[in-house]
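Student: Could you take me through the charged side chains of one part of this model, slowly and closely? I would like to see how they sit and which of them pair up.

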Amino acid sequence: MTGTCIPEHDSREQLFGELAMLRKETLHLQSNMRRYTCEDMSPIPFEELDAIEQQLERSVNKVRDRKNQLLHQQLENLRRKERMLEEESSNMYRWARIQEHRAALGYQQAAIEVRPAEHQQVLDQFPFCGEPSSVLQLSNITHQIDPYHLQLAQPSLQGSNV
């Protein structure tokens with residue numbers, strides 16, 4: 001017998017065995033799927049139903065725990081954001097108060113710059129002996145003039161909290 005091949009192993013038997021095993025596993029998985037979707041509950045014994053119920057309860061508890069965890073994280077993030085917004089609001093309020101204070105100081109400085117001209121107008125009304133720029137000479141002529149009272153022209157800053 002020259003030139004004849006002897007087959008070492010028939011692979012068809014192995015393929016049929018694997019195919020039978022895959023069919024069995026597929027049927028088992030389909031049966032489990034019908035149980036979990038509650039399509040076919042009649043052949044399931046009570047003990048197995050109890051086990052399925054406990055497994056479903058554990059799964060629901062895991063889902064609830066995860067949901068609560070996410071809600072707590074969102075709540076913490078919102079609290080953190082609230083604190084940041086409150087701080088920003090407080091900073092903006094302080095900045096506005098500082099701007100108001102600066103505006104009041106600017107008004108005071110403008111009023112002070114105007115006063116020398118007002119003083120010069122008052123001094124020009126009185127006749128002076130000697131040097132006309134001496135304010136001390138006003139005390140010598142008090143009997144000649146009526147009393148002169150000055151009032152402040154700027155707003156009161158005593159009531160404001162700066």
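Tutor: Let's start with E53, which is partly exposed at a relative accessible area of 43% (buried means under 20%, exposed over 50%, partly exposed in between, with a 1.4 Å probe and protein chains only). E53 belongs to helix α2, residues 46-124 (helices are DSSP runs of H or I with at least four residues, numbered from the N terminus). Together with E47, D50 and E57, E53 forms a negative surface patch; patch residues have over 30% relative accessible area and no salt bridge, and like charges are joined within 9 Å. Asp and Glu count as negative here, and the place of the charge is CG of Asp or CD of Glu.

A word on the model: it is predicted, so local features need pLDDT of at least 70, side-chain atom pairs count only at pLDDT 80 or more, and totals for chains, interfaces and linings use all residues. Residues are numbered from 1 along each chain as its sequence is written, and side-chain values use heavy atoms, leaving out hydrogens and water.

Now to the pairs. Side chains of opposite charge can pair when their charged atoms come close. With a salt bridge taken as a side-chain nitrogen of Lys or Arg within 4 Å of a carboxyl oxygen of Asp or Glu, the count is two. In one, E100 meets R97 at 3.0 Å, N to O; both lie in helix α2, three residues apart, about one turn of the helix. E100 is partly exposed at 46%, and R97 is partly exposed at 22%. In the other, E76 pairs with R79, their closest N and O atoms being 4.0 Å apart.

Methods
Patch = residues over 30% accessible without salt bridge, like charges linked within 9 Å, V, L, I, M, F, W, Y side chains within 5 Å. Areas by Shrake-Rupley, 256 points an atom, 1.4 Å probe, with all protein chains shown as cover. Helix = DSSP H or I, 4+ residues; strand = E, 2+ residues; numbered from the N terminus.
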